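Subject: Structure handover and findings

Hello,

Here is the structure for you to look through. My notes follow below it.

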Amino acid sequence: MHHSCVQMLLISVLLLLFFLVSGRPATFEQDFRVTWSDSHLREIEGGRAIQLILDQTSGCGFASKNRYLFGQVSMKIKLIPGDSAGTVTAFYMNSDTDNVRDELDFEFLGNRSGQPITVQTNVYVNGKGDREQRINLWFDPAAEFHTYTIRWSHPQVVFLVDEVPIRVFKNNEARGIPYPKMQPMGIFSTLWEADDWATRGGLEKIDWSKAPFYAYYKDFDIEGCPVPGPASCPSNKNNWWEGPNYQRLSDIEARRYRWVRMNHMIYDYCTDKSRYPITPPECLAGY
């Protein structure tokens with residue numbers, strides 16, 4: 001066999017081995033388990049996707065088998081089409097420690113047909129939350145799948161929608177502002193009824209004649225330091241999410257971020273003077 005052919009074959013075999021080992025994205029059962037109402041959660045496409053069901057008897061939820069300390073998690077989600085007022089579809093990371101919990105939230109708030117779907121993000125550190133920001137998505141998230149990502153590194157937490165950053169929570173510990181870095185977090189998702197607050201502050205109720213409601217998830221991708229796992233992993237500067245490209249937003253990301261904030265943001269706790277007469281310190285510390 002010609003030398004270059006042998007090289008090509010070797011490279012092909014190595015690439016195949018690499019893909020077999022890294023195996024991303026995972027199937028649902030590799031990384032997740034059902035947490036409540038497994039009759040309302042259905043695996044489809046050979047376990048590569050799942051359907052969450054909400055009806056008058058129950059919602060449902062799932063969680064990662066492992067917890068992680070730093071890394072990136074993303075999923076493709078297709079939300080409830082049509083009239084989804086009063087429903088909440090959530091995708092979040094949570095330390096599961098009651099009074100001192102750390103949590104990073106995406107919550108998709110249902111709406112009446114034709115109204116934009118709102119995504120609410122929130123950040124809890126050491127049990128302190130109440131940091132809601134709301135953005136109207138610039139596309140119909142029920143028409144097809146879109147990618148939602150939480151990237152958590154030492155310098156910052158970034159929430160992204162289709163690679164567009166919609167929220168940044170920077171590490172400002174140097175200014176005395178707490179930052180999530182000590183507690184590993186699991187990855188959770190739920191579909192549930194929240195018509196006491198979800199749509200227009202609870203004014204719009206669920207129309208159960210439209211039930212059952214379906215949300216779909218696929219391409220589950222977790223890259224992070226599992227806990228328990230190698231103790232050196234979370235502080236390893238060679239983890240890609242700690243690399244120089246992820247210390248801050250790139251120029252393109254920063255432009256997209258400003259675009260989202262200027263054109264699509266509908267609520268920011270930082271500017272809510274009725275709740276916070278004194279602006280919270282993290283709001284004054286960039287982004």
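First, a term: a salt bridge here is a side-chain nitrogen of Lys or Arg within 4 Å of a carboxyl oxygen of Asp or Glu. The model is predicted, so local features need pLDDT of at least 70, side-chain atom pairs count only at pLDDT 80 or more, and totals for chains, interfaces and linings use all residues. Residues are numbered from 1 along each chain as its sequence is written, and side-chain values use heavy atoms, with hydrogens and water left out.

**Salt bridges**

The structure holds 12 salt bridges. In general, side chains of opposite charge can pair when their charged atoms come close.

One of the bridges joins Glu-103 to Arg-101, with the closest N and O atoms 2.7 Å apart. For burial I use relative accessible area: buried is under 20%, exposed is over 50%, and partly exposed is in between (1.4 Å probe, protein chains only). Glu-103 has 8% relative accessibility, so it counts as buried. Arg-101 is partly exposed, at 24%.

Asp-130 and Arg-275 form another bridge. Their closest N and O atoms are 3.9 Å apart.

Through shared partners, salt bridges join Asp-83, Arg-112, Arg-200 and Glu-204 into one network. Is Arg-200 buried or exposed? Arg-200 is exposed, at 57% relative accessibility. Glu-204 counts as buried, at 16%.

**The whole chain**

The protein chain has 3 helices and 15 strands. These are DSSP runs, numbered from the N terminus: helices are H or I with at least four residues, and strands are E with at least two.

The chain has 287 residues, and its radius of gyration is 20 Å. A compact globule of that length would have a value near 19 Å, so the two agree. The radius is taken over C-alpha atoms, and the globule rule is 2.2 Å times the number of residues to the power 0.38. Along its principal axes, the C-alpha trace spans about 75 × 50 × 35 Å.

Buried residues make up 50% of the chain. The chain exposes about 14,300 Å², and carbon and sulfur atoms supply 54% of that area. Accessible areas come from the Shrake-Rupley method with a 1.4 Å probe; for residues, only the protein chains shown count as cover.

Contact means heavy atoms within 4.5 Å. Of the contacts with a separation of 6 or more, 67% are between residues 24 or more positions apart.

The chain carries 30 positive and 34 negative charges, and their mean positions are 6 Å apart. Lys and Arg count as positive and Asp and Glu as negative; His and the chain ends are not counted. Each charge is placed at NZ of Lys, CZ of Arg, CG of Asp or CD of Glu.

**A buried proline**

Pro-180 lies in the loop between β12 (164-170) and β13 (186-193). Pro-180 is buried, with a relative accessible area of 0%. Which residues does Pro-180 contact, leaving aside its neighbours within four places in sequence? They are Phe-70, Asp-102, Val-125, Trp-152, Val-157, Phe-169 and Met-185. Tyr-214 is 34 residues away from Pro-180 along the chain, and their C-alpha atoms are separated by 32 Å.

**Backbone details**

A cis peptide bond joins Ala-211 and Pro-212, with omega at about 0°. Pro-212 is in the loop between β13 and β14 (213-227). A cis peptide bond also joins Val-227 and Pro-228, with omega at about 5°. Pro-228 is in the loop between β14 and α3 (251-263).

Asn-126 has a positive phi, near 50°, in a residue other than glycine. Asn-126 lies in the loop between β8 and β9, and is partly exposed at 48% relative accessibility. Glu-163 has a positive phi too, near 70°. Glu-163 lies in the loop between β11 (156-161) and β12. Its relative accessible area is 45%, so Glu-163 is partly exposed.

Best wishes
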